[in-house]
Amino acid sequence: MSRELHTFSGGIHPPGHKAESNARPIHPAPLSRTLVIPLRQHIGNPAKPVVKVGERVLKGQLIAAADGYISSAVHASSSGTVSAVGPAMVPHISGLPDDCISIQTDGRDEWIEHAPIDYQAMAPAELRMQLRDMGIVGLGGAVFPSAVKLDPGAQQTCPVLIINGGECEPWITCDDALMRHRADEILQGVAIMRHLLGSIEILVGIEDNKPEAIAAMQAAADRLDFAVEVIAVPTIYPGGGAKQMIETLTGMQVPSGKLSTDIGIQVFNVGTAYALARAVHHGEPLISRLVTVTGHVLRPQNFEVLIGTPMHNLITLAGDRDGSTGVLMGGPMMGVPMPSLEVPVVKATNCVLVKSAELFPPLPKALPCIRCTRCADACPAELQPQELYRFAKAADFGRAQEYHLFDCIECGCCSYVCPSHIPLVDFYRYAKGEIWAREKDKRAADLARERHEFRQFRLEREKKEKAEKLAAKAQAKHAELAAEAKSGDAEAEAKKALIAAALARAQAKKAEVAPKNVDHLPPEKQHEIEEIEARRAKIRELARKPLEPEENP
């Protein structure tokens with residue numbers, strides 16, 4: 001019984017241009033003399049370098065470690081010597097440099113020691129952290145660290161696992177080629193995802209313009225010991241978007257501002273599943289990926305490319321042609337123009353699309369919006385693009401957010417159908433960038449205010465503590481003085497007691513010196529003592545009598 005499919009709002013049918021590159025087999029791109037490996041190849045914090053200039057590294061060696069939970073490690077794509085650690089040109093529309101590690105390869109392509117991981121014997125959290133340290137990220141475009149997406153969170157399980165093989169954007173065929181030639185390894189990665197997420201329903205969605213890929217994936221699914229449903233979905237752009245694939249397969253919509261896991265569904269690209277299988281079953285970190293090189297070249301095809309390989313090497317391999325007008329990383333709908341052909345292939349590089357005036361003629365000058373609402377009809381997120389454009393152009397970012405600006409997936413459907421040729425997506429990107437910048441400034445201001453308030457609180461607290469300490473010290477001094485005064489009174493009393501004791505002793509001595517009873521003495525002794533006492537009395541009497549003045553002779 002076939003699954004009932006659903007339709008999402010909007011969507012368009014641009015020319016596919018798939019046949020140009022999917023007819024040839026996958027070829028490995030030759031090793032470049034220099035590999036430039038950016039540290040920011042994923043959403044989240046950039047990786048931190050762990051190697052120095054002049055150090056020899058091996059293929060697969062960790063050269064930059066993940067910095068935090070939402071981050072991912074970076075590895076050497078081949079063996080050689082680190083020639084630079086610092087800013088270099090990266091594949092970004094701004095043309096600004098970013099931190100990179102440059103390696104002069106030695107041609108040996110010498111691997112580190114690596115071995116399979118017994119993932120079933122490991123704790124899920126430990127396995128996820130090991131995958132983070134092996135640099136596994138989403139290869140469908142967002143490059144979100146897979147370790148985070150493989151965490152079911154508080155729910156403990158994610159019932160529905162969707163493997164996205166839609167690849168709806170024109171010109172790109174790397175996922176198609178991967179499913180055709182490496183279906184078994186893709187589903188080996190799916191088994192690991194199922195183990196970590198506890199999923200009970202596994203759906204593989206592939207657009208029906210890829211019959212060979214559908215057949216290969218179905219044959220590989222039949223060899224598994226668990227159920228995997230391979231489903232052909234209608235070919236419509238952007239049917240390969242995660243939210244659109246969820247709605248097509250399940251009929252469920254991800255609420256605004258929520259994640260798919262909030263409704264029990266997780267979505268991974270087929271390239272991510274393949275990279276996961278290589279990491280677990282072979283111990284290989286993510287150091288290469290399939291890249292479609294197409295457009296204005298002689299031999300459009302898919303290459304297995306080491307991360308860090310300059311894009312001009314791939315264009316040369318595919319056959320450079322005169323008359324190119326630029327290069328896009330990605331497809332014509334969501335791709336970004338490259339500032340130089342020297343920029344390296346990164347984990348997010350699914351396509352190198354060489355433009356020409358014939359294939360991509362310059363757009364006419366933009367005209368005023370005529371309010372035809374074709375953009376609203378084509379929008380798969382059910383937004384009002386014409387209103388978002390008006391608010392973005394007027395820098396009314398608050399109103400733009402009220403109209404759910406951040407639900408826009410920047411698919412480009414609105415720009416594609418606009419009869420006035422207005423680059424609507426550029427305005428939305430501008431508005432998002434301004435809002436993010438203002439939010440960053442606001443967070444910085446809030447942090448500064450919090451620091452200032454905490455400093456004021458700390459100064460007040462210290463002032464209060466100082467006053468309390470001084471009061472306590474004064475009280476202690478007062479108690480000490482009171483104790484000293486009390487001690488002084490006790491000392492005075494002690495002195496008085498000593499004086500009284502001394503007087504008592506003097507009185508006692510005086511009593512001892514006083515005449516004694518002489519009745520028991522012989523008569524002659526008694527007579528002698530009486531004479532002595534009489535003389536003493538006479539002397540005392542003379543001492544008390546005032547002296548008379550002497551008479552003149």
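User: How many aromatic pairs are there?
Analyst: The structure holds 6 aromatic pairs. Rings of Phe, Tyr and Trp (its six-membered ring) pair if their centres lie within 6.5 Å; planes under 30 degrees apart are stacked, over 60 edge-to-face, and the rest tilted. One of the pairs is W171 with F360: the centres are 5.9 Å apart and the planes are at 40°, so this pair is tilted.

User: What should I know about the model before we go on?
Analyst: This is a predicted model: local features need pLDDT of at least 70, side-chain atom pairs count only at pLDDT 80 or more, while totals for chains, interfaces and linings use all residues. Residues are numbered from 1 along each chain as its sequence is written, and side-chain values use heavy atoms, with hydrogens and water left out.

User: Back to W171 and F360. Which parts does the pair tie together?
Analyst: W171 is in the loop between β9 (160–165) and α4 (174–181), and F360 is in the loop between β17 (351–356) and α10 (374–378), so the pair ties together parts that are 189 residues apart in sequence. Those labels come from DSSP runs: helices (H or I, at least four residues) and strands (E, at least two), numbered from the N terminus.

User: Are W171 and F360 buried or exposed?
Analyst: W171 counts as buried at 5% relative accessibility, and F360 counts as buried at 18%. Buried means under 20% relative accessible area, exposed over 50%, and partly exposed in between (1.4 Å probe, protein chains only).

User: What about Y389 and F427?
Analyst: They form an edge-to-face pair, 4.9 Å centre to centre with 85° between the planes. Y389 lies in helix α11 (residues 385–393) and F427 in helix α14 (residues 424–513), so parts 38 residues apart in sequence are tied together. Y389 is buried, at 10% relative accessible area, whereas F427 is partly exposed at 22%.

User: Which ring does the charged end of K149 sit over?
Analyst: The ring of F268, at 4.7 Å from its centre. R194 has its charged end over the ring of F226, 4.5 Å from the centre. The rule is that NZ of Lys or CZ of Arg must be within 6 Å of the ring centre and within 35 degrees of the ring normal.

User: New topic: how do α5 and α8 cross?
Analyst: The axes of α5 (residues 183–197) and α8 (residues 270–282) come within 7 Å and cross at roughly 80°. Axes here are lines fitted to C-alpha atoms, for helices over the stretch in contact, with angles from 0 to 180 degrees between N-to-C directions. That makes α5 roughly perpendicular to α8 (under 35 degrees is roughly parallel, over 145 roughly antiparallel, 65 to 115 roughly perpendicular, the rest oblique).

User: And S72, where is that?
Analyst: S72 lies in the loop between β5 (62–65) and β6 (74–75), and counts as buried at 1% relative accessibility. Leaving aside neighbours within four places in sequence, S72 is in contact (heavy atoms within 4.5 Å) with residues including H42, R132 and K347.

User: Last one: which residues of α7 are buried?
Analyst: In helix α7 (residues 242–250), they are Q244, M245, I246, E247, T248 and L249. What covers them includes β9, β10 (201–207), β11 (229–233) and β12 (265–269). Just after α7, G251 takes a positive phi of about 80°.
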